[in-house]
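Please walk me through this structure.

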Amino acid sequence: MDKRDYYEVLGVARDADEKALKSAYRKLAMQFHPDRNPGDAEAENRFKEVSEAYDTLKDAQKRAAYDRFGHAAFENGGFGARGGGGHPGDFASAMSDIFDEFFGMGGGRRGGGRDRGADLRYNLDISLEEAFAGKAVEIEVPTSISCEACSGSGAKPGSAPTICRTCGGSGRVRASQGFFTLERTCAACQGRGQVIADPCTECSGAGRKIVNRMLSVNIPAGIEDGTRIRLGGEGEAGLRGGPSGDLYIFLSIRPHAFFQRDGADLYCRVPISMTTAALGGQFEVPTLSGETTRVKVPEGTQTGKQFRLRGKGMPVMRSQQFGDAYIQVTVETPANLTKRQRELLAEFEQESSGDTHPESHGFFARVKDFLDNLGN
């Protein structure tokens, strides 16, 4: 009896994705599982049919072969793949083509052994002032560059790499096993497709050498902590003239003595004396631009009062805008008092009332009411 189409067995479309296949399989497997249908031969056959269909379609390679050749892909070592008159070698060749499409193993993919260089990472610490103003920073990066003596070829000047005879320049060799054709890296040239009979003495045939390079990095004003800057082509040089990798600079901003940053806004806590808070006054705070700004303290200022300085924060990248600076005051309690200072404060306390300390007076009044209500 001819086998049913696997997609028909699972009840899915031919373009169904992995999730749809798995969902259909689980539903049908549960329905026809032998444990749920004891003694039912038809259910057992359906369960086997469903399992066989799913085992094939869930595998990308098997599914590709099935889509192209149907059930013939897995019968008699590939006989009949061409409508019954094909040869196993034809099917193996076709399967190899499918694998090439999936994994990019087609001809000319090696680029003559020109391997791309590795990407490099550099950690850079800057101050908050440097992040505010922006600047050009010179960094020294140990990296590999293309060998000048051999122009990156790895071969001694006057000579050149030759095509690998083992793989014919592809960098891969194939071996047939049944109707499958397996492909692996060529051991003779390590997958480069070329061999160097007379290597360059400057780079020992690598086509590159290690040096320390000085690079200039532009730090834009307003840059944030954790930003990654990419310098294309400034990474490690490729093997034998291959393209260079990239350099990634990971930026960290050092903690500041006064300011904490939140996006484009800055925050600063400033202690003020009890008399300044009570009588009013003023103080000056620095800004990252190098100037100072005067902050006026109104009479009766309490701890936690916050003053907003518009436009005194960090610049917003790629714009003309600036964030704000927020100054929060804390009222400092006097310490190390003299005898006379103690006497003055005691006199002040005796003459104090709810008007001079409204917050504490109100709090303890509520405490008294609470305790009175408990007693009732």
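D67 is partly exposed, because its relative accessible area is 39%, and the class covers values between buried (under 20%) and exposed (over 50%), with a 1.4 Å probe and protein chains only. The model is predicted: local features need pLDDT of at least 70, side-chain atom pairs count only at pLDDT 80 or more, and totals for chains, interfaces and linings use all residues. Residues are numbered from 1 along each chain as its sequence is written, and side-chain values use heavy atoms, with hydrogens and water left out.

D67 forms a salt bridge with R14, and the closest N and O atoms are 3.8 Å apart. The pair links distant parts of the chain: D67 sits in helix 4, while R14 sits in the loop between helix 1 and helix 2 (18-32), 53 residues apart. A salt bridge here is a side-chain nitrogen of Lys or Arg within 4 Å of a carboxyl oxygen of Asp or Glu. R14 also counts as partly exposed, because its relative accessibility is 46%. Side chains of opposite charge can pair when their charged atoms come close.

Stay with helix 4, which spans residues 60-69. Helices (H or I, at least four residues) and strands (E, at least two) are DSSP runs, numbered from the N terminus. Which residues of helix 4 are buried? They are R63, A64, A65, Y66 and F69. An α-helix has 3.6 residues a turn, so residues three or four places apart point the same way. At the start of helix 4, a side-chain oxygen of D59 comes within 3.0 Å of the backbone nitrogen of Q61. Such a polar contact is a pair of N or O atoms within 3.5 Å; within protein, one must be able to donate a hydrogen and the other to accept it, and residues adjacent in sequence count only if both atoms are side-chain atoms. Just after helix 4, G70 has a positive phi of about 70°.

Now the other charge pairs. The whole structure holds 17 salt bridges. One of them joins E49 to R4, with the closest N and O atoms 3.2 Å apart. This pair also links distant parts of the chain: E49 is in helix 3 (residues 41-57), and R4 is in the segment before helix 1 (6-10), 45 residues apart. E49 is partly exposed because its relative accessibility is 23%. R4 is partly exposed too, because its relative accessible area is 31%. D55 pairs with K58, the closest N and O atoms being 3.8 Å apart. Salt bridges that share partners join R4, E8, R46 and E49 into one network.

Next, a loop. H256 lies between strand 9 (247-253) and strand 10 (260-262). What does the side chain of H256 approach? A polar atom of that side chain lies 3.0 Å from the backbone nitrogen of F258. The backbone nitrogen of F259 lies 3.2 Å from a polar atom of the H256 side chain.

Last, the surface. F363, F364, V367, F370, L371 and L374 make a nonpolar patch of about 630 Å². Patch residues have over 30% relative accessible area and no salt bridge; like charges are joined within 9 Å, nonpolar side chains (Val, Leu, Ile, Met, Phe, Trp, Tyr) within 5 Å. V367 belongs to helix 9 (residues 358-375). D125, E224, D225 and D262 form a negative patch. D125 is in strand 1 (residues 120-126).

Technical notes:
Accessible areas come from the Shrake-Rupley method with a 1.4 Å probe; for residues, only the protein chains shown count as cover. Lys and Arg count as positive and Asp and Glu as negative; His and the chain ends are not counted. The place of a charge is taken as NZ of Lys, CZ of Arg, CG of Asp or CD of Glu.
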